[in-house]
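Subject: Structure for your review

Dear colleague,

Please find below the structure that I am handing over to you. I would be grateful if you could read the notes under it with the structure open beside you.

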Amino acid sequence: MGRITPEVVQQVRDAIDIIDIAAQLTSLKKQGRKYVALCPFHKEKTPSFQIDPDLGLYHCFGCGAGGDAIKLHMETSGDDFRTAIESLAHRYAIPLPADDGDYQRPSLDVTGALEAALHFFARELSRVEMPRRYLDERQISPELRQGFGLGYAPDGWHLLLDALRSKVDMKLLVAAGLVGISDRTERPYDRFRHRLMFPIHSTSGRLVGFGGRTLGDDRAKYVNTSETEAFKKGSLLYGLHQAKRSIRDRGRAILVEGYFDVLAMTACGLPESVAGMGTALTPEQAKLISRFTDRVVLAYDGDSAGQGAADKALPILLAAGLAVEKAPFPAGHDPDSLRLEAGPDTVKDLVDTAADALQLTLDTMTGGGNLGPTEQAEAAEQVRKLLGAVKNPITRSAYARTCAQRLGVDEELLLKAQAAELFSRGLREKADGGLRDNNAGERRILQWLLLTEQPLPEANELPLAEAFLNPSLRKLVEAFLELYRLEGSPPTPRDVRDAVADDPDATAELARLLSGPPPEEDKPPQDSLASLESRWFGRRIQQLQAAIQAAQDGRDDDALRALLAEKADLVRRRHPSMSGRFW
């Protein structure tokens with residue numbers, strides 16, 4: 001696959017319909033020239049999700065999500081920008097450039113190689129009795145096998161290679177993680193041999209890889225496709241593309257550990273189940289879940305390893321804003337083994353009666369309150385750290401109050417310690433470059449530039465793009481000024497949208513700016529301009545001073561003279577009477 005060019009992005013943008021994509025996620029209602037709906041990204045009772053079909057942009061006034069149709073696809077599928085373009089191009093039959101600049105059919109890319117392997121594995125499963133007998137023993141019905149696309153990789157080093165060699169280029173088979181190259185002989189070989197194959201999809205349903213469960217004595221029980229641009233284990237959840245509708249409908253997701261557990265849960269009438277990829281849960285995976293629900297049930301194995309994994313997953317899920325419950329599977333059982341031994345109803349009852357996971361964990365930490373002073377202090381510190389992951393302050397306070405009572409410590413002290421931690425974290429986030437306080441003023445200026453009906457000054461009299469600290473806003477200002485200089489007149493919002501088509505974050509900022517009411521000022525927002533100018537002046541003086549010091553240390557007289565002249569000119573132009581004016 002070659003470079004994603006601006007021309008390709010524009011072709012995809014022109015082909016897709018944001019209404020078509022949004023209608024698959026939520027029910028739309030026409031309101032004037034726009035559409036409104038319940039936001040697909042967070043729970044709400046009153047519609048705050050707005051779509052402008054003319055500009056192809058969406059914005060949620062509740063959670064702040066926004067962007068164009070490409071960004072909407074990315075947010076609901078988990079695809080990165082490049083993968084989203086490839087997926088949408090494939091969906092709308094738009095040819096993509098190959099590495100040599102020629103055009104190729106979408107079926108001849110890495111996705112095409114994976115799909116060819118999918119058909120091969122499915123055919124082998126239908127042909128070979130042994131893997132079917134294994135699935136029969138585990139009570140995986142033919143309907144379930146077909147629904148999840150299960151297959152079989154036969155026991156041979158070149159059987160997949162021989163079957164696909166004439167159809168798919170070798171480089172694509174290697175790039176797709178299906179074929180490896182021997183370090184010793186430098187010859188290709190099948191990576192999956194004598195394994196039950198589980199296709200793995202992105203949230204949008206795009207095939208991105210496979211997981212293979214050994215049916216022999218291989219020490220590696222499970223092997224996944226090697227990491228590729230599209231297949232990143234930490235950013236995927238097995239079964240999510242199939243479960244997402246059930247998750248939305250039922251208001252919860254069930255998180256299990258293994259592929260067979262997902263199949264078992266589905267067989268028990270719990271199709272809202274998803275699994276990690278054989279590694280510890282990641283913040284990216286928790287965020288994926290939060291896009292479809294605000295509630296998750298942990299249904300991990302009942303052994304010590306499973307409970308340890310659940311303990312590690314809990315703060316990650318809480319930090320994603322999820323309410324977490326925990327199903328108490330008995331020791332030695334996972335959802336699949338319990339289904340086979342005790343039946344589907346037992347599994348379903350355990351999940352449906354799951355208790356609050358944080359409360360269960362806090363109960364364990366507090367030890368019933370019978371602790372000595374040192375143990376109380378240690379438990380309080382553990383509680384403080386765990387509560388720090390809870391986003392809702394009311395919920396956090398309620399948990400803290402209960403824990404303080406059980407620990408026998410002063411509630412106010414525990415809450416103060418928690419508040420101090422949250423305050424310190426906020427300072428760290430701000431120091432890390434959040435700069436959230438500056439964004440409001442920058443947005444006011446840019447919104448005025450885009451929407452005012454008053455004549456604007458010449459482009460060289462407008463604020464410099466480098467004065468905007470928010471990267472997405474700066475990108476929009478750069479595009480606005482460049483188009484203004486090229487055309488000789490202020491660009492329209494549509495022109496700016498097209499200019500930043502390859503930047504989803506800038507597009508999201510643009511959607512936010514355009515979703516609000518037009519600015520009321522008949523003049524530029526003077527207070528925001530004054531703040532912007534003052535901040536830019538201070539930063540530029542600091543930069544010049546550092547450069548001057550470096551020129552002095554390096555005895556670069558020519559550079560020193562130029563820098564001193566620029567500093568003197570800047571100071572001369574910086575005058576109180578200019579504050580709040582365009583420069």
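The notes below cover cysteines, a sheet, aromatic rings and charges over rings.

Please keep in mind throughout that this is a predicted model.

Cysteines

I began with a search of the whole structure for disulfides, and the count is zero. How far is the sulfur of C60 from the closest cysteine sulfur? That closest sulfur belongs to C39 and lies 3.6 Å away, which is too far for a bond, because a disulfide requires the two sulfur atoms to be within 2.5 Å. C60 is buried, its relative accessible area being 0%. C268 is likewise buried, with a relative accessible area of 7%; the cut-off for this term is under 20%.

The sheet

Next, I would draw your attention to an open sheet made of five strands, which follow the order β15-β14-β16-β17-β18. The pairing in this sheet is mixed. At the edges are β15 (273–275) and β18 (355–356), each of which pairs on one side only. Strand β17, covering residues 323–326, runs antiparallel to β18 and is joined to β18 by two bridges. If you look across to β18, you will find D356 opposite E325.

Aromatic rings

A pair of aromatic rings is described by two values, namely the distance of the centres and the angle of the planes. There are 14 aromatic pairs in the structure. One of them is F41 with F49: the ring centres are 6.4 Å apart and the planes are at 65 degrees, so this pair is edge-to-face. F41 and F49 are both buried.

Another pair consists of F480 and Y484, and it is also edge-to-face, because the planes are at 80 degrees, with the centres 6.1 Å apart. F480 and Y484 are both buried.

A single aromatic cluster is formed by Y134, F148, F198, Y222, Y238, Y259 and F260.

Charges over rings

F260, a member of that cluster, has R138 over the face of its ring, at 3.7 Å from the ring centre.

Yours sincerely

Conventions: Residues numbered from 1 in each chain as written. Predicted model: local features only at pLDDT ≥ 70, side-chain atom pairs only at ≥ 80, totals over all residues. Heavy atoms only, no water. Buried < 20%, exposed > 50% of the residue type's maximum accessible area, 1.4 Å probe, protein only. Pairing = 2+ DSSP bridges. Helix = DSSP H or I, 4+ residues; strand = E, 2+ residues; numbered from the N terminus. Phe/Tyr/Trp six-rings, centres within 6.5 Å; stacked < 30°, edge-to-face > 60°. Lys NZ or Arg CZ within 6 Å of the ring centre and 35° of its normal.
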